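Student: I'd like to look closely at one part of this protein's surface. Can you walk me through it, and then show me what sits around it?

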Amino acid sequence: MHRMEALKVKNVLVDRLLCDKCGAVMEWDGVVYTTYPAQYPYSCPECHNSQTTTNKTYPIYYLELSDGTMLQL
């Protein structure tokens with residue numbers, strides 16, 4: 001007989017995009033450039049640096065479960 005084990009959330013991890021110039025957390029501009037691949041522009045609220053990422057929007061949230069697996073939300 002298989003025994004079901006309930007998994008519990010151990011940690012919630014957040015991956016944020018940091019400014020290359022000053023280290024502050026970048027803020028998404030709310031725009032998506034429909035290129036291939038898609039591009040997402042971000043601005044720094046501290047030094048006004050801008051940066052563009054592809055295929056990812058930040059912040060990214062992960063759940064670490066009690067069995068060691070990670071789930072991206």
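Which residues make the nonpolar surface patch of about 460 Å²?

Tutor: One thing before we start: this is a predicted model, so local features need pLDDT of at least 70 and side-chain atom pairs count only at pLDDT 80 or more, while totals for chains, interfaces and linings use all residues. Residues are numbered from 1 along each chain as its sequence is written, and side-chain values use heavy atoms, with hydrogens and water left out.

Now to your patch. Val9, Val12, Val14, Tyr61 and Leu73 make it. To join a patch, a residue needs over 30% relative accessible area and no salt bridge; nonpolar side chains (Val, Leu, Ile, Met, Phe, Trp, Tyr) are joined within 5 Å, and like charges within 9 Å. The areas come from the Shrake-Rupley method with a 1.4 Å probe, and for residues only the protein chains shown count as cover.

Strand S1, residues 9–15, gives the patch its largest share, three residues. (Strands are DSSP runs of E with at least two residues, helices are runs of H or I with at least four, and numbering starts at the N terminus.) Take Val12, which sits in S1: its relative accessible area is 53%, so Val12 is exposed. The cut-offs are under 20% for buried, over 50% for exposed and partly exposed in between, with a 1.4 Å probe and protein chains only. Tyr61 belongs to strand S5 and is partly exposed, at 36%. Tyr61 and Val14 are 47 residues apart along the chain, yet their C-alpha atoms are separated by 4.7 Å.

What lies behind that? S1 is part of an open sheet of three strands in the order S1-S5-S6, with antiparallel pairing. S1 and strand S6 (70–72) are the edges, each pairing on one side only. Two strands count as a pair if DSSP finds at least two bridges between them. S5 (residues 60–65) and S6 are joined by three bridges, and Leu63 has Leu71 in S6 as its bridge partner.

Side chains of opposite charge can pair when their charged atoms come close. Here Glu64 and Lys10 meet in a salt bridge, 3.8 Å from N to O. It ties together distant parts of the chain: Glu64 is in S5 and Lys10 is in S1, 54 residues apart. For a salt bridge, a side-chain nitrogen of Lys or Arg must be within 4 Å of a carboxyl oxygen of Asp or Glu, and a search of the whole structure finds one.

Two bridges pair S2 with S3, residues 39–43, and five join S3 to S4. Tyr42 is a handy landmark: Trp28 has Tyr42 as its bridge partner in S3, and Tyr42 has Gln51 as its own partner in S4.

In a regular strand the side chains alternate between the two faces of the sheet.

The S3–S4 hairpin has six residues between its strands. Most residues other than glycine have a negative phi, and most peptide bonds are trans. His48, in the loop between S3 and S4, has a positive phi of about 65° although it is not a glycine. His48 is also exposed, at 65% relative accessibility.

Cis peptide bonds turn up in loops here. One joins Tyr36 and Pro37, with omega about 0°, and Pro37 lies in the loop between S2 and S3. The bond from Tyr58 to Pro59 is cis as well, with Pro59 in the loop between S4 and S5.
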